[in-house]
Amino acid sequence: MRRSWSQVYLPVAAVAAVLRCWAAVALAGSPLRNFHLVPGLDMQTLLERGEWGATASPLFTLHRMLVAFFWSVNGRSHQVMQLAGVQLVLGVVAALLTAWIVLHLFGSRRYALAAGMVAALYGPALMYECTMLQESMVTFACLAAVVSLIRAHRLHWGGGAALASGVLFGLATIGRPTALLLAGGAVLWFWLELKRRNRLRRWWTLPGGILVVWILIGGLNWHYSRNWSPFFNVLPYSASVNTGGETPSSAVPESKAAFELPPPVRIGVNAVKRLPVLFCAHEVPDNLNYYFIREMFPPLRMSCGPWLVLPLAAAGMVLLLFSGRWKRRDGLLLGVILLLMLPLCANYPMGRYRLLLYPYLSILAVYPAWWALRCGPEGCRKRTVWMLAAVAGSAGLNLALSERPFVRGSDFVAWAMAMEEGGKRVSEASLQTFEQGLAESGFTEQAALVNLMVRLIPAGQLDRAEGLLAKAFEAGAIEPALLWYYGGLVKLGQGRFDAAAAALERSDPARLGILASKRSFFEGEARRLKGDNAGAARCYRRALTEEPLPSFRPLIEEALKNLPETGRTTE
């Protein structure tokens with residue numbers, strides 16, 4: 001045991017801790033820490049749901065409880081560095097637990113050291129530990145449950161160990177239903193093992209631990225929020241989403257035939273069709289794009305990414321299957337992955353959801369080398385050939401099936417807004433980041449253009465705004481009504497009132513949403529300034545009928561009131 005600590009656990013802990021200390025220091029001065037201030041991202045919503053008694057009713061998950069705790073002890077304010085600090089510490093523990101699994105399944109210190117290092121250095125895991133998303137917490141809870149199951153097996157399913165394992169599986173399932181199938185598999189294995197050992201009188205311990213957690217959490221949810229489910233609203237939501245065939249724009253849409261199947265069958269069909277995506281090296285972006293954040297956040301450049309780990313892990317799965325070792329304890333890894341991958345693929349396997357698998361993929365990524373080297377010289381040569389063939393085949397399939405890493409215009413928009421702390425501190429650097437996102441998208445990223453316009457026009461940078469609008473018009477991808485609207489505002493600011501009125505008139509109010517009343521108001525302003533008071537009055541009155549925002553209505557009414565009498569009465 002002492003040799004395991006010095007040869008495995010201490011080196012893994014040291015590497016994981018040094019990388020995460022660097023990440024904590026870098027995070028303190030990085031826009032990444034402000035992503036929870038970017039409107040529309042899940043980080044902001046998840047923090048708001050932890051404001052128990054203020055903006056949210058208590059619903060108990062591990063992540064919400066932690067958010068609510070820090071929010072409460074900090075005087076009802078979110079201190080995101082504290083939450084990130086907890087997640088970074090759990091990242092160190094996760095690397096150690098990964099090494100522990102290898103030691104107790106394979107009995108090899110070198111293998112445990114290598115797998116622990118891969119887990120410690122896995123880039124997407126480090127990225128999510130630095131954000132306010134719940135992925136790190138869910139992943140750690142699931143990993144702790146798997147470790148407890150292996151430990152209970154080593155202790156011959158003693159009552160205390162089995163009960164503790166059940167409690168951990170219960171905690172792993174309350175935040176997201178992805179681990180429900182894994183929990184069911186754990187109970188089934190537990191019962192089969194007890195039957196084999198003729199100790200069925202303890203049948204209740206592991207499922208009892210799960211039920212205790214579910215009943216307790218369900219009771220708390222009912223008491224505070226009148227929601228009896230320990231999974232709050234995730235199961236109905238997941239079922240409604242997973243029956244559909246929608247996929248990200250970069251993916252191939254589901255076939256029409258899939259939509260004609262009954263919902264339960266449709267979920268299964270969609271899950272099976274998405275399985276290859278789960279093992280492709282490409283990280284499908286969602287709130288965060290790993291490939292973009294990696295270039296902006298230096299600690300990630302020193303980590304190992306999915307393009308290294310996933311092809312090796314896929315090769316490891318193939319070798320584990322065809323070597324026959326899956327019939328031994330080694331097969332537990334495949335069982336865990338199998339029970340997690342189907343729920344993951346029931347929804348589209350975004351990079352953030354796939355994070356749940358990274359400890360087990362880290363183990364499998366080292367498996368090809370361990371398998372090839374654990375034999376005599378003659379056998380090693382043969383195994384090395386098979387290992388190289390499996391790795392080459394996996395890498396080739398990944399190159400053929402995976403998308404190339406890419407960045408989106410929306411990545412720059414979110415980064416720029418985080419630089420501004422949610423729009424509070426506009427700077428030239430943030431403006432340049434918005435422009436970079438607009439240019440990177442080929443002047444098709446509407447959010448980047450809108451954010452630039454609402455900053456440049458009030459700041460008087462009209463020529464700069466006009467140049468960007470001209471390029472967006474040329475690209476022809478952004479809503480024309482918006483382009484004419486902002487083009488009219490630019491011309492209004494330049495004193496070109498005739499051109500401003502003409503541009504605003506060309507902007508279709510039906511395509512502007514809440515901007516429709518502003519478009520009519522500013523058209524009225526342009527007509528008033530060029531001396532057409534009757535036309536201005538018509539525009540002001542139209543603006544009042546277009547459901548202006550409550551804060552904007554008094555401005556319209558005041559403008560109409562201040563028109564000369566002849567202008568106000570002329571129809």
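Predicted model: local features only at pLDDT ≥ 70, side-chain atom pairs only at ≥ 80, totals over all residues.
Student: How many helices and strands does the protein have?
Tutor: There are 30 helices and zero strands. Helices (H or I, at least four residues) and strands (E, at least two) are DSSP runs, numbered from the N terminus.

Student: What box do the C-alpha atoms fill, and what share of the residues counts as buried?
Tutor: Along the principal axes, the box is roughly 100 × 55 × 50 Å. Of the 571 residues, 52% count as buried. Buried means under 20% relative accessible area, exposed over 50%, and partly exposed in between (1.4 Å probe, protein chains only).

Student: How many salt bridges are found in the whole structure?
Tutor: The search finds 22, a salt bridge being a side-chain nitrogen of Lys or Arg within 4 Å of a carboxyl oxygen of Asp or Glu.

Student: Which distant parts of the chain does the pair R352 and D42 link?
Tutor: In this salt bridge the closest N and O atoms are 2.8 Å apart. R352 belongs to helix α18 (residues 351–354) and D42 to helix α2 (residues 42–48), 310 residues apart. R352 is buried at 5% relative accessible area, whereas D42 is partly exposed at 29%.

Student: And E428, which residue is its salt-bridge partner?
Tutor: The partner is R464, with the closest N and O atoms 3.0 Å apart.

Student: How far apart are the closest N and O atoms of R519 and E523?
Tutor: They are 3.7 Å apart. R519 and E523 are separated by about one helical turn because they are four residues apart in helix α27 (residues 516–529). R519 is buried, with a relative accessible area of 5%, and E523 is buried as well, at 3%. Salt bridges with shared partners join E505, R519, E523, R527, D532 and R542 into one network.

Student: Changing topic, what is the volume of the second largest pocket?
Tutor: The volume is about 510 Å³. Among the 21 lining residues, F279, A314, M317, V318 and L321 are the closest to the pocket's centre. On a 1 Å grid over the protein atoms alone, a pocket is an open set of points where a 1.4 Å probe fits, with protein on both sides within 12 Å along at least five of seven lines; lining residues have an atom within 4 Å of a point. A volume is the space filled by probe spheres set on the points, which are joined across faces, edges and corners.

Student: Which elements give two or more residues to that lining?
Tutor: They are α16 (306–322), α17 (331–346) and α20 (377–401).

Student: Lastly, is N198 buried or exposed?
Tutor: N198 is exposed, with a relative accessible area of 68%. N198 is found in the loop between α9 and α10 (205–225), and its phi is near 60°, a positive value in a residue other than glycine.

Notes. Residues numbered from 1 in each chain as written. Heavy atoms only, no water.
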